[in-house]
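Here are a few notes to read alongside the model.

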2 protein chains.
Amino acid sequence: MPQAQAMSVLPVVLLGCGGVGRHLLRHIVSCRPLHANQGVSIRVVGVADSSSLLVADDVRASGLDDALLNDLCSAKSAGSPLSSLLARGHCQVFNKPEAMGKVIDAATMLGRTTGLVIVDCSATYDTVGVLKDAVNHGCCVVLANKKPLTCAYEDFKKLTSHFRQIRFESTVGAGLPVIASVTRIIASGDPVSRIVGSLSDPRDDLSGMDVARKALILARLLGQQISMENINVESLYPSELGPEVMSTTDFLESGLAKLDETIEERVKAASLRGNVLRYVCVIGSTGCQVGLQEVPKDSALGRLRGSDNVVEIYSRCYESSPLVIQGAGAGNDTTAAGVLADIIDLQDLFQTRA
Amino acid sequence: MPQAQAMSVLPVVLLGCGGVGRHLLRHIVSCRPLHANQGVSIRVVGVADSSSLLVADDVRASGLDDALLNDLCSAKSAGSPLSSLLARGHCQVFNKPEAMGKVIDAATMLGRTTGLVIVDCSATYDTVGVLKDAVNHGCCVVLANKKPLTCAYEDFKKLTSHFRQIRFESTVGAGLPVIASVTRIIASGDPVSRIVGSLSDPRDDLSGMDVARKALILARLLGQQISMENINVESLYPSELGPEVMSTTDFLESGLAKLDETIEERVKAASLRGNVLRYVCVIGSTGCQVGLQEVPKDSALGRLRGSDNVVEIYSRCYESSPLVIQGAGAGNDTTAAGVLADIIDLQDLFQTRA
């Protein structure tokens, strides 16, 4: 990209420093020359994990330096606490419960002045309060964490009340441009009638709850005022094989074989109709379902192989043949890349310096 | 989408009032309530066709009203000149050569104050000068017209010099989110190694030149400083069947059959290798080709049916399995929807009023 004249500076506080958070920090550091060339600079002023917050001494003046961010990633990978980085200077550590109060302090200070992006790469419901406070203070929000968008509808409404100030691409299909594409289609006045997606990572999500969260985010994006209890979720295992009734060992030794039997019958029956079974979410005008469905063998969903995600979007412009987005829908690297693209996409809301 | 507090007002001058331009105007009018709800308002201050410009009396104060825009679409569909709308009042008409000067006047007046979006839905090289002037005056640019981006590399560089102020989604794959997705991937520091696309409408483009223009735009987006003459374009017809040597009637009566014979042999040979033939563009690190290529039968490209476009994007995150975007890649409605999404996406650069 050609060189830009002015530089947008984006102060960032990162919540969550697991695999995705650490990849994000490494991407931010390694992309400095690229972003400078695009006229944007990310200033990481604070990083929180589940127990504490590491924050720059003066968040208005400068961020944590890149050497410190690299060391922070190494320390977290090695299981060391954030406080182990205090010796590096120019930073402070606050432990729970003070930590979240300090994030809100930063949001208050920066939200309506330089601006601030709160990036949530955690996997907890605990951040909702801080995020809503941050929105109240004029901050932007970027989420890889699905939970703040899938609890009470009122919370979703609050978090998305300034829709240009929030991005949450990586909550659905990791870095795949699903949310961005649906948002574009809606903005163009092309009404989305249906979204069908294969968005699961079957190793992690036999119960379907993770897919249901993604489906809920898509449904709410389409304007549906629904909650998790309104989604019809078909678990891949019957209740008699569930974790409350059967140990994991028993499930793997005998349960799984029993499960395979039932599924095999459904696979055969579908095949007779020229269909295949896929575990999908369907968001339509009449509601939202998650479960095994028969889909045509030669549709994008039917042809799906391996661990790719696929999303079919139906609208006036994509009526007979849907808009299809397909690719890797999981992984720390890909998810972090989606988060970083979201942060960069907020740049026009930030002050520029010559 | 939740209600926004403030309203961004985007003044727009439209160049080109054919099928795409008229669809765009109709979309703008019909989306007023939706956009108001999203906190954005589009003010069409001028519309130009190939011979003249209809412009609001005072572009700083107000745009052409919606009833006039609807009448303008009807008049243009019926073949009437823009001057037929003068009786409606509050507008003026300027004919060539004065018209483009008046567009630049508006750009000068609005570019660095309220802001202005110049939207090019024409299909001519003639707009390049006006667009470059508009960029100099701080205006934003949205293109459905491929030609300004595919002439001299210096022009591309100039037009994209403020990269956040230009959008050109509809130049590649109509409304499909190809440019937006590639831009996101680049911004996230995930290096794109290869793009393979089936982007042709074979009825219009047996020579491959239209696909070559799209390939050039993608290649330049990836940072390649190349021009049309650097693209290796394989025409679907040999030179002895070209329009200079053979009339269209002769081509349809005898040429086509001869062409089919040659192609059929290649189809058979490919099939023996488990492949199928597709007319694709390939943008890689070593250059850019457009032509018939063998692709695996079970790849996204190989499975392509009907008139859909498909684009495969390979990068670090999408290495073994590409990010695939597929769907209708032509049509006035879809192209105009892409243009409208681009305009809306510029909203953060515009002044808000309470």
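How many residue pairs are in polar contact between domain 1 of chain A and domain 2 of chain A?

1. The count is six residue pairs, both residues at pLDDT 80 or more. A polar contact is a pair of N or O atoms within 3.5 Å; within protein, one must be able to donate a hydrogen and the other to accept it, and residues adjacent in sequence count only if both atoms are side-chain atoms. On the domain 1 side, helix H6 (147–150) and helix H7 (153–159) of chain A each supply at least two of the touching residues, with H6(A) giving the most, three residues. Helices are DSSP runs (H or I, at least four residues), numbered from the N terminus.

2. A word on the basis: this is a predicted model, where local features need pLDDT of at least 70 and side-chain atom pairs count only at pLDDT 80 or more, while totals for chains, interfaces and linings use all residues. Residues are numbered from 1 along each chain as its sequence is written, chains are lettered from A in the order in which they are written, and side-chain values use heavy atoms, leaving out hydrogens and water.

3. Domain 1 covers 7–175 + 333–353 of chain A, and domain 2 covers 178–328, with bounds from an automatic or database domain assignment. Their centres, taken over C-alpha atoms, are 30 Å apart.

4. You will find one salt bridge between the two domains (a side-chain nitrogen of Lys or Arg within 4 Å of a carboxyl oxygen of Asp or Glu). The side chains of A:Lys146 and A:Asp210 form a salt bridge at 3.4 Å, N to O.
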